[in-house]
Amino acid sequence: MKFDYTFISILGYPVFEPMILLTNSLLFAITLYSFRVLKRFKSDYARHMAWFTLLLGISSMFGAIGHAVHLQLGEKFFGIVLFLMNAFSLLSIYYFFLAPLF
């Protein structure tokens, strides 16, 4: 049995794996809201966790973009998006481990 990519067409362009795009977009929206709420607190822990959630949401959006257009825009574009996704993920880990130290 051969499985192929799941895609939908939007304005004539295929968007691959639309559920990943939807769920990661929702995760990004939740992390934006969480960032705004956590920034109101004055503690360093809340500030660092706010940055952790925001950077994790940005990383998930780059992952969603990579999934959605990885076959249309070529290997170089996919490599750049993958690099940015991992970079934001590593930055989020930094703030995650920095939060309990203060």
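**Burial and overall layout**

A: Of the 102 residues of the protein chain, 27% count as buried, where buried means under 20% relative accessible area, exposed over 50% and partly exposed in between (1.4 Å probe, protein chains only).

Q: What kind of model is it, and how are residues numbered?
A: This is a predicted model, where local features need pLDDT of at least 70, side-chain atom pairs count only at pLDDT 80 or more, and totals for chains, interfaces and linings use all residues. Residues are numbered from 1 along each chain as its sequence is written, and side-chain values use heavy atoms, with hydrogens and water left out.

Q: Ok, which elements does the chain have, and in what order?
A: There are 3 helices and 2 strands, running β-β-α-α-α from the N terminus on. Those are DSSP runs numbered from the N terminus: helices are H or I with at least four residues, strands E with at least two.

Q: Compact or spread out?
A: The protein chain is more spread out than a compact globule, because its radius of gyration is 16 Å, well over the 13 Å that the globule rule gives for 102 residues. That radius is taken over C-alpha atoms, and the rule is 2.2 Å times the number of residues to the power 0.38. The C-alpha trace spans about 50 × 30 × 25 Å along its principal axes.

Q: Switching to α1. Which of its residues are buried?
A: In α1, the buried ones are Pro-18, Asn-24, Thr-31 and Phe-35. They cover an arc of only 140 degrees around the axis, so they sit on the same side of α1; the arc is that of the directions from the helix axis to the C-beta atoms.

Q: And what do they pack against?
A: The buried residues of α1 pack against β1 (7–10), β2 (13–16) and α2 (44–69), with contact meaning heavy atoms within 4.5 Å.

Q: What's on the face turned away?
A: Met-19, Ile-30, Tyr-33 and Arg-36, which are exposed.

Q: Now aromatics. How many pairs?
A: The structure holds 7 aromatic pairs. Rings of Phe, Tyr and Trp (its six-membered ring) pair if their centres lie within 6.5 Å; planes under 30 degrees apart count as stacked, over 60 as edge-to-face and the rest as tilted.

Q: How do Phe-7 and Phe-16 pair?
A: Their pair is tilted, at 5.7 Å centre to centre and 50 degrees between the planes. Phe-7 counts as partly exposed because its relative accessibility is 46%, while Phe-16, at 10%, counts as buried.

Q: Which residues form a cluster?
A: Phe-35, Trp-51, Tyr-94 and Tyr-95 form one aromatic cluster.
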